[in-house]
Each structure stands twice: as C-alpha cells, then as structure tokens.
Amino acid sequence: QWEWWYSYIMDGIPSLAELEERIDIVDWYALGLQLKLNPKKLEAFRVESATVAEGRRKMFSCWLENSENPTRRELITKLNTHSVGQNRLAEEYECYVINQGETFITSTFSSRKYFMQVIRDYRFYCFILLSVAVIFAYNGLMPMARKFLLPVANQQTQSYESLEKHSTILDHI
C-alpha cells in the first residue's frame with residue numbers, strides 16, 4: 001500500500017549532508033567513476049584533498065551539481081556494482097532511506113484527523129473559488145470569471161465529486 005512513497009523517496013535527490021553522514025566510503029574515486037564523473041576532476045579532487053572525507057565531499061558535491069538526475073536509487077545501484085563493491089553500505093543506506101520515509105509518512109499522514117482537516121480545507125477553498133466565480137458572473141463580470149476564475153475553480157474541483165454540482169452550475173451560466 002505504500003509503494004508510491006518508496007519510489008518517491010528513492011527517486012529523490014539526497015542532500016550533501018545526508019551523503020556525508022551516510023556514505024562513508026574510502027574508495028570514493030571508484031564510486032565517482034561509476035557515477036560518470038569526469039576522471040580528470042576526480043583526480044584533481046584526490047590531489048587537492050587532505051583527507052578521504054574531503055575528497056568524498058567534493059566528489060558528491062560534483063555529482064549533485066553536474067548530474068542530470070542524481071537520485072538515491074542511482075547511488076545505491078552504483079554502490080552495488082562490482083567495481084565499487086559496497087553492497088553492505090548500499091543496503092544500510094537503503095534501509096536508512098526507507099526508515100526516514102516511513103517516519104515522514106506516518107508522522108504526516110497517520111493522523112486521520114489531520115488528513116481529514118486538510119481535505120475539508122481544500123474543499124472549502126474550492127467552494128470559495130466557485131462561489132466567487134458565480135458572484136462575478138451574476139454581477140456582469142462574466143468575461144473576468146470565464147478568463148480567470150472558472151478555469152482555476154474547475155481545475156481545483158475536478159477530483160472532488162461532492163463539488164461536481166457546483167461546476168455544472170457554472171457551465172450553465
């Protein structure tokens with residue numbers, strides 16, 4: 001039932017702080033090559049860096065800034081490659097990411113009362129949009145209502161069957 005969040009979390013972009021805290025890899029050069037970073041840049045990082053942690057930070061920073069889509073999923077896949085050989089680290093990181101996602105989901109959405117309040121607030125917002133559009137239409141401001149309010153109001157209410165009667169009223173104006 002929660003598969004959607006797994007993809008959402010895994011396809012998200014990690015922060016540099018997260019990578020520094022969780023991916024403690026000594027051979028960051030091999031990982032950088034797997035992440036398709038320029039070997040000359042990686043070599044420069046190796047020469048410039050006084051510590052392994054500094055080189056790793058520069059490599060991750062370069063990946064985050066220059067990759068088209070630097071996702072957690074890609075990082076886990078690359079950690080599991082034969083040339084990097086960090087299967088355990090990949091598994092630990094994936095477990096960390098999953099736990100963080102579960103914590104976020106349960107803390108945000110487990111409260112039915114909170115979730116229902118969000119839905120009520122959104123429905124009220126949609127109802128207000130539609131009401132304002134109807135008022136504009138009845139007061140001779142139909143061009144403005146059609147151009148600005150109706151498209152927004154209809155878009156916002158599409159998914160709510162309970163507000164369907166309001167959108168059909170607008171169609172007849």
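1. Aromatic pairs. In this predicted model, a search of the whole structure gives 2 aromatic pairs. One of them is formed by Tyr93 and Tyr96, whose rings are stacked, with 6.4 Å centre to centre and 20° between the planes. The pair counts as stacked because its planes are under 30 degrees apart.

2. Setting of the tyrosine pair. Tyr93 and Tyr96 both belong to helix H7 (residues 87-109); they are 3 residues apart, so about one helical turn separates them. Tyr93 has 1% relative accessibility and is therefore buried. Tyr96, at 18% relative accessibility, also counts as buried, because the cut-off is under 20%.

3. Charge over a ring. Tyr29 has the charged end of Arg46 over its ring, 3.9 Å from the ring centre.

4. Nonpolar core. In soluble globular proteins, nonpolar side chains tend to be buried together. Here the largest nonpolar core contains 27 residues. Ile23, Leu31, Met59, Leu75 and Leu79 are those with the most contacts inside this core. Two or more residues each come from helix H1 (3-10), helix H3 (28-34), helix H4 (39-48), helix H5 (52-66), helix H6 (72-79) and H7. The most is given by H7, with 5 residues.

5. Contacts of Leu31. Which residues does Leu31 contact, leaving aside its neighbours within four places in sequence? They are Ile25, Met59, Phe60, Leu75, Lys78, Leu79 and Val84. Among them, Met59, Leu75 and Leu79 are also listed with Leu31 as having the most contacts inside the largest nonpolar core.

Definitions and conventions. Residues numbered from 1 in each chain as written. Predicted model: local features only at pLDDT ≥ 70, side-chain atom pairs only at ≥ 80, totals over all residues. Heavy atoms only, no water. Phe/Tyr/Trp six-rings, centres within 6.5 Å; stacked < 30°, edge-to-face > 60°. Helix = DSSP H or I, 4+ residues; strand = E, 2+ residues; numbered from the N terminus. Buried < 20%, exposed > 50% of the residue type's maximum accessible area, 1.4 Å probe, protein only. Lys NZ or Arg CZ within 6 Å of the ring centre and 35° of its normal. Core = buried A, V, L, I, M, F, W, Y, C linked by side-chain atoms within 4.5 Å. Contact = heavy atoms within 4.5 Å.
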